[in-house]
Amino acid sequence: LFAIANCIQIGMGSLLSRAIGMQRLDRAQRILSVGIIIALFFAIVITVLGYVYAQPLLRSLGATKSIIGYATEFYYYSLLTVFSIMLIGVMMGLFQGAGKIMVIMKASLLGALVNIMLDPIMIFVFDFGVKGVALASFLAQLSMVAYFIYTLMGLHIGLSIRIALRPFSWKIYREFLSVGMAQMLMQLIIAVGIVIYNFFIVRLDVNAMAAFTLTGRIDYFIITPMLAIATALLTVVGQNWGHGNVTRTLNAYWAAVALAFSIVLVLAVMHIVLAPWMYPLFTRVVAVSDYAVLQTRIMALALPFVAISLLASEYYQAIGKPWYSVLLTLMRHVFISVPVVYLLAIVLEMRITGVYFGAMSGTFVAALLAWRLLRLSPRLLRWNQEAVRSQHLDMEVAP
């Protein structure tokens, strides 16, 4: 659900930021309407399929006789959240494209606080049990949607929440889904890459698997500033690309890389220094702690280089070339790292250390490829001229 919602958010943010950069509010309104229609389509289809195939799905996920009752109760009430999750994807894409990132942050904070407050009330005060958790999540998400709509009405940016089947433009649908589906595919690639790493690690040492999961939590905290910068970069690049200012899009990219690289580097160095004292706080198993420290010392300094390819992926999504983003993601997580992990860990018998060095290899190759691709400015200029001309013509022929 969240992968699809993220697909809608990125598709909306990319197209909308370019339309706003061109000062085409009529096109922006059509993009918003397309996003709402796509969100409702996915919500209806998923809800129907989720209801019809509920029991087979739950049992295939491991719901045994002892927990099937709890799982079923939670699941059916959770189906309510399908619509709210899809709408949140639309609204986040809307405000991201409009450059109102603080609105997204405030809405996310509101949703988290409402969820935290409603959980004990639903579970214990109303005695709803596990279904109370699902209802609390649904109401928290509704509060986010309500905040988004209220904020949109107060901003007066010329956009409104409405479904408009006319003018109907398959071109906008294709652009929207092209960018969005690429984002969903990227998430799938990352998940597949992690599963493959897990496959190697768990067969070498289960303690290393526990450490891999533990360090992953800390690594995510370290790269969070990078993800925030990437979100802002999509808006800046999209709006300037729509305005025809290619030079400024590149300047924004390199400024974002410098900022993200610096912040993540400082956090990564702190992680390395504090690792021997930090990880024993999370586990009593000495082997797990030792593996976590070893992994941190080997892999932490690769995290800043993720910024180069990750922000390049965001850049290409912003300008409507999402399949370059998919290529960079494949290079980082599959094409390079997986063969190198197998070579080092299995063939050369470096075991866990080989997994760590192999996983790093894709990061450096993807960073080098991203740097090379964005050095080809003449190609970017040609793409921009074609895109701006195409969108102007599209607006001229629209009924």
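**Helix pairs, pockets and cavities**

In this predicted model, helices α5 and α6 pack against each other at an angle of about 150°, and their axes lie 7 Å apart. Because an angle over 145 degrees counts as roughly antiparallel, α5 and α6 are therefore described as roughly antiparallel to each other. On the α5 side the residues that meet the partner helix are Met-92, Phe-95 and Gln-96, while α6 brings Ile-101, Val-103, Ile-104 and Ser-108 to the contact. Sorted by class, the contact of α5 with α6 has five nonpolar residues and two polar ones, and no charged residue takes part.

Helix α8, which covers residues 170-204, packs with helix α15, which covers residues 351-373, at an angle of about 165° and with 9 Å between the axes. That angle makes α8 roughly antiparallel to α15. The crossing in which α8 passes α15 is left-handed. Tyr-197, Phe-200, Ile-201 and Leu-204 of α8 make this contact together with Arg-351, Ile-352, Val-355 and Ala-359 of α15. Seven of the residues in the contact of α8 with α15 are nonpolar, none is polar and one is charged.

Helix α15 also packs with α11, here at an angle of about 35° and with the two axes 10 Å apart. The crossing of α11 and α15 is right-handed. From α11 the contact takes in Tyr-291, Leu-294, Gln-295, Ile-298 and Met-299, and from α15 it takes in Ile-352, Thr-353, Tyr-356, Phe-357, Ala-359 and Met-360. The residues of the contact of α11 with α15 comprise nine nonpolar and two polar ones, with no charged residue.

The largest pocket has a volume of about 1800 Å³. It is lined by 45 residues, and those closest to its centre are Ile-190, Tyr-220, Ile-223, Leu-227 and Leu-310. Helix α9, made of residues 206-242, gives the most to this lining, with 14 residues. When the lining of the largest pocket is divided by class, it has 24 nonpolar, 17 polar and four charged residues.

The second largest pocket holds about 420 Å³ of space. Among the 21 residues that line this pocket, Phe-2, Ile-85, Ile-88, Gln-141 and Met-144 lie nearest its centre. The lining of the second largest pocket has eleven nonpolar and ten polar residues, but no charged ones.

By class, the lining of the second largest cavity divides into two nonpolar, four polar and one charged residue.

Terms used:
Residues numbered from 1 in each chain as written. Predicted model: local features only at pLDDT ≥ 70, side-chain atom pairs only at ≥ 80, totals over all residues. Heavy atoms only, no water. Axes fitted to C-alpha atoms, helices over the stretch in contact; angles between N-to-C directions. Helix = DSSP H or I, 4+ residues; strand = E, 2+ residues; numbered from the N terminus. Parallel < 35°, antiparallel > 145°, perpendicular 65-115°, else oblique. Left-handed = near helix turned anticlockwise from the far one by under 90°. Contact = heavy atoms within 4.5 Å. Nonpolar A, V, L, I, M, F, W, Y, C, P; charged D, E, K, R; others polar. 1 Å grid on protein atoms, 1.4 Å probe; cavity = no way out; pocket = protein on both sides within 12 Å on 5 of 7 lines; lining within 4 Å. Points joined across faces, edges and corners; volume = space filled by probe spheres on them.
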